[in-house]
Amino acid sequence: MSIIFPEIETDRLKLAILTLDDTEAVFRHFSDENVTRFMDISPCKDIDEAEEIIRFHIDDTGCRWGIFSKSDAQLIGTCGFHCWFQGEQPRAEIGFDLARGYWGRGIMQEALKPVIDFGFKEMSLDFIEATVEQENEKSINLLRKLNFERETKLRDQLIYYFLFRERWRLR
């Protein structure tokens, strides 16, 4: 299925699919070790690494939105889907990150609600997966607020969460 990933606007945010035009902003964002601490990447050391991040998401089966603050148009985070499986039981893994200066303000919840809606309505996902390191309390709390269910067993020392379409409708 071919799909166009639109810009998404909320009260405080504009989400736009990352392009190579965003390379410098992505470099600044991902060079902060606070952003990458719980991710499977190291902080960016040069602009080429930022370009690789963008190219990975362009070439992947999902999408990655840049999260831009409406107040100053700065990139403050990213979110999106990867590992989009479109066969029986369509699913994708959601990922997200936010600049430290914006933690604790409800920004990621504001960004993810319309992204999750898009996943269920436009991408026809049956469920959305998320993996979180055990020490990442902020992401664990966010996923709980968004009605994700925790799998009981750890896999590769990660906590797995799932959000089924039916559960999303019940929130």
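Reply: Helices (H or I, at least four residues) and strands (E, at least two) are DSSP runs, numbered from the N terminus. This is a predicted model: local features need pLDDT of at least 70, side-chain atom pairs count only at pLDDT 80 or more, and totals for chains, interfaces and linings use all residues. Residues are numbered from 1 along each chain as its sequence is written, and side-chain values use heavy atoms, with hydrogens and water left out.

Me: In E3, which residue is the bridge partner of Ile17?

Reply: Strand E2 (residues 13-17) runs antiparallel to E3, joined by five bridges. Strands pair if DSSP finds at least two bridges between them. The E3 partner of Ile17 is Trp65.

Me: Which residue in E4 stands opposite Arg64?

Reply: E3 also pairs with strand E4 (residues 75-85), antiparallel, over six bridges. Opposite Arg64 stands Gly80.

Me: How many residues apart in sequence are the parts that Lys70 and Glu9 tie together?

Reply: The side chains of Lys70 and Glu9 form a salt bridge at 3.0 Å, N to O (a side-chain nitrogen of Lys or Arg within 4 Å of a carboxyl oxygen of Asp or Glu). Lys70 lies in the loop between E3 and E4 and Glu9 in strand E1 (residues 8-9), so the parts tied together are apart in sequence by 61 residues.
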